[in-house]
Amino acid sequence: MSTVYFIGDLHLGHRNIAKYRQGFESPEQHDEFMKEQVRKCYGKRNTIWLLGDTIFHVAHESFMEEMCENFQHVHNVLGNHCTEIKMREDIQRRLYAKYDNFHLHGIVKKYDFWISHAPIHPDEMRSKLGNIQGHIHYKTLPDKRYLNVSAENINYQPMTLEQVRSYFNV
């Protein structure tokens, strides 16, 4: 059996993350906690969708490699912080070149949904059931066509595709 997971905005290596996310005393504590949440989802037949702003420092490239070695597919949807610094772009390129199961995306149509980092415009929904997105962290849009899977908005636990479908009443 395989499972598909979604989580956005891991912010691994973000040196000020403890100021923005409650319950963490340091960036290191935050990063280890986030990694453990993802590790609980490992499975050679499982897939994870990382909806942007995943890593902020090269020190976490090894965790991205670890994910590639423990998931069947790792889909990384680029977020606004993913290409701000050339180092982050270089990490993405190295992972893409090294692992056949590492996939880079901007915005994707999959599972009858739009999958993106930031919410898409409502006029772009067309025939899709909704938009699985991150980016807005604790905030949620007052529209049931959007599901915010930013880490803090889903209690830091990746959501399964079944949970996503349930949210959208599919």
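## Strand β2 and its cover

Strand β2 (residues 43-51) is mostly covered, with seven of its nine residues buried. Buried here means under 20% relative accessible area, exposed means over 50%, and partly exposed lies in between (1.4 Å probe, protein chains only). Strands (E, at least two residues) and helices (H or I, at least four) are DSSP runs, numbered from the N terminus.

This is a predicted model: local features need pLDDT of at least 70, side-chain atom pairs count only at pLDDT 80 or more, and totals for chains, interfaces and linings use all residues. Residues are numbered from 1 along each chain as its sequence is written, and side-chain values use heavy atoms, with hydrogens and water left out.

## Strand pairing and crossover

Strand β2 pairs with strand β1 (residues 4-7) in the parallel sense, over four bridges. Two strands count as paired if DSSP finds at least two bridges between them. Y5 has I48 of β2 as its bridge partner.

Strand β3 (residues 71-77) also runs parallel to β2, joined to it by six bridges. H75 in β3 stands opposite W49. From β2 the chain passes through helix α3 (residues 61-70) to reach β3, and this β-α-β crossover is right-handed. The term applies if, with the strands pointing away from the viewer, the path from the first strand over the helix to the second runs clockwise.

## H60 in the loop

H60 sits in the loop between β2 and α3. Its relative accessibility is 9%, so H60 counts as buried.

The H60 side chain makes polar contacts with two side chains: D31, at 3.2 Å, and K35, also at 3.2 Å. A polar contact is a pair of N or O atoms within 3.5 Å; within protein, one must be able to donate a hydrogen and the other to accept it, and residues adjacent in sequence count only if both atoms are side-chain atoms.

## Salt bridges

A salt bridge is a side-chain nitrogen of Lys or Arg within 4 Å of a carboxyl oxygen of Asp or Glu. By this rule the count is nine. One of them links R94 and E61, at 2.7 Å from N to O. R94 lies in helix α4 (residues 86-98) and E61 in helix α3, so the pair ties together parts that are 33 residues apart in sequence. R94 is partly exposed, at 39% relative accessible area. E61 is buried, at 12%.

Helix α2 (residues 27-39) holds both E36 and R39, three residues apart and so separated by about one helical turn. Their salt bridge has its closest N and O atoms 2.8 Å apart. E36 is partly exposed at 38% relative accessibility, and R39 is partly exposed at 25%. D143 and R145 also meet in a salt bridge, at 2.7 Å from N to O. D143 is partly exposed, with a relative accessible area of 21%, and R145 is partly exposed, with 34%. Salt bridges that share partners join E36, R39 and E66 into one network.

## A nonpolar patch

L78, Y96 and L104 make a nonpolar surface patch of about 260 Å². Patches are made of residues with over 30% relative accessible area and no salt bridge; like charges are joined within 9 Å, and nonpolar side chains (Val, Leu, Ile, Met, Phe, Trp, Tyr) within 5 Å. Accessible areas come from the Shrake-Rupley method with a 1.4 Å probe; for residues, only the protein chains shown count as cover.

L104 lies in strand β4 (residues 102-105). L104 is partly exposed, at 31% relative accessible area.
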